[in-house]
Amino acid sequence: MKKNFGYSADFDDSTEILFREANYLGQGNNGIVYELPEKKAIKIFLTPKVCNDESSILLKTNGSQYFPRIYKIGKLYIVREMVEGIQLDKYIKKNGLNLELTRNIYKLIKEFKRLDFSKIDTRCKDVYVKDD
C-alpha cells in the first residue's frame with residue numbers, strides 16, 4: 001500500500017494554468033502523476049534528487065519514439081508527453097505474447113543499447129503497449 005504524502009511544487013505560470021484542469025492518475029513511491037490538457041502529464045516528486053534523476057533519463061531519451069517527450073522540468077516536477085496504452089504485463093495476460101510484440105520488445109532493447117544505457121531491462125509496468 002502506498003503511503004500518503006503531501007506534495008507541493010512551485011509551478012511556473014503556464015504549468016499552473018494546465019494544472020487547474022489536471023486529473024489524478026496515480027501515486028508511486030517517488031511521486032504522484034496527473035493527466036494535463038494538451039496530451040501532457042505531470043509528475044510531482046517528493047525530493048529534488050529523484051526529480052533530477054528521472055529528468056536526466058528523459059533528457060537522454062528525448063527524441064526517441066520509445067520514450068515520452070519532455071516539455072518542462074521544475075525543481076520537483078516534470079511535464080511530459082502523456083503515454084497511453086496498456087501496461088505490458090496486463091497486455092500479455094489479456095492477449096498473450098505474439099511475434100509482433102516480441103519484435104517490438106527487441107527493438108526497445110536495441111534502443112536502450114543505442115542510448116548507452118548500462119541497464120537494459122525495465123519493469124513491465126513501465127512499458128506501455130499501444131494499438132499501433
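Two strands pair if DSSP finds at least two bridges between them. Strands (E, at least two residues) and helices (H or I, at least four residues) are DSSP runs, numbered from the N terminus. The legends below describe a predicted model, in which local features need pLDDT of at least 70 and side-chain atom pairs count only at pLDDT 80 or more, while totals for chains, interfaces and linings use all residues. Residues are numbered from 1 along each chain as its sequence is written, and side-chain values use heavy atoms, with hydrogens and water left out.

View 1. Contact means heavy atoms within 4.5 Å.

View 2. Strand 1 (residues 23-27) and strand 2 (residues 31-36) run antiparallel and are joined by 4 bridges. The hairpin between strand 1 and strand 2 passes through 3 residues, and Gly-26 stands opposite Val-33 in strand 2. Strand 2 also pairs with strand 3 (residues 40-45) in the antiparallel sense, over 6 bridges. In this pairing Tyr-34 stands opposite Ile-42 in strand 3. The hairpin of strand 2 and strand 3 has 3 residues between the strands, and Glu-38 takes a positive phi near 65 degrees there.

View 3. Phe-67 is found in the loop between helix 2 (48-61) and strand 4 (70-73). With a relative accessibility of 17%, Phe-67 counts as buried; buried means under 20% relative accessible area, exposed over 50%, and partly exposed in between (1.4 Å probe, protein chains only). Not counting residues up to four places away in sequence, Phe-67 touches Thr-61, Glu-81, Glu-111, Phe-112, Leu-115 and Phe-117. The C-alpha atoms of Phe-67 and Arg-80 are separated by 9.9 Å, the two residues being 13 apart along the chain.

**View 4. Aromatic pairs of Phe-67.** The whole structure holds 7 aromatic pairs; rings of Phe, Tyr and Trp (its six-membered ring) pair if their centres lie within 6.5 Å, and planes under 30 degrees apart count as stacked, over 60 as edge-to-face and the rest as tilted. The pair of Phe-67 and Phe-112 is edge-to-face, because the ring centres are 5.8 Å apart and the planes stand at 70 degrees. Phe-112 lies in helix 4 and Phe-67 in the loop between helix 2 and strand 4, so this pair ties together parts that are 45 residues apart in sequence. Both Phe-67 and Phe-112 are buried. Phe-67 and Phe-117 form a stacked pair, 6.3 Å centre to centre with 20 degrees between the planes. Phe-117 lies in the loop between helix 4 and strand 7 (128-129), so its pair with Phe-67 ties together parts that are 50 residues apart in sequence. Phe-117 counts as buried, at 19% relative accessibility.

**View 5. Lysines over aromatic rings.** The charged end of Lys-60 sits over the ring of Phe-117, 4.5 Å from its centre. Lys-40 lies over the face of Tyr-71, at 4.6 Å from the ring centre. A charge sits over a ring if NZ of Lys or CZ of Arg is within 6 Å of the ring centre and within 35 degrees of the ring normal.

View 6. Glu-111 is placed in helix 4 (residues 99-114) and is buried, with a relative accessible area of 11%. Leaving aside neighbours within four places in sequence, Glu-111 is in contact with Ser-64, Tyr-66 and Phe-67. Arg-114 forms a salt bridge with Glu-111, the closest N and O atoms being 2.8 Å apart; a salt bridge is a side-chain nitrogen of Lys or Arg within 4 Å of a carboxyl oxygen of Asp or Glu. The two residues, Arg-114 and Glu-111, lie 3 residues apart in helix 4, about one turn of the helix. Arg-114 counts as exposed, at 54% relative accessibility.
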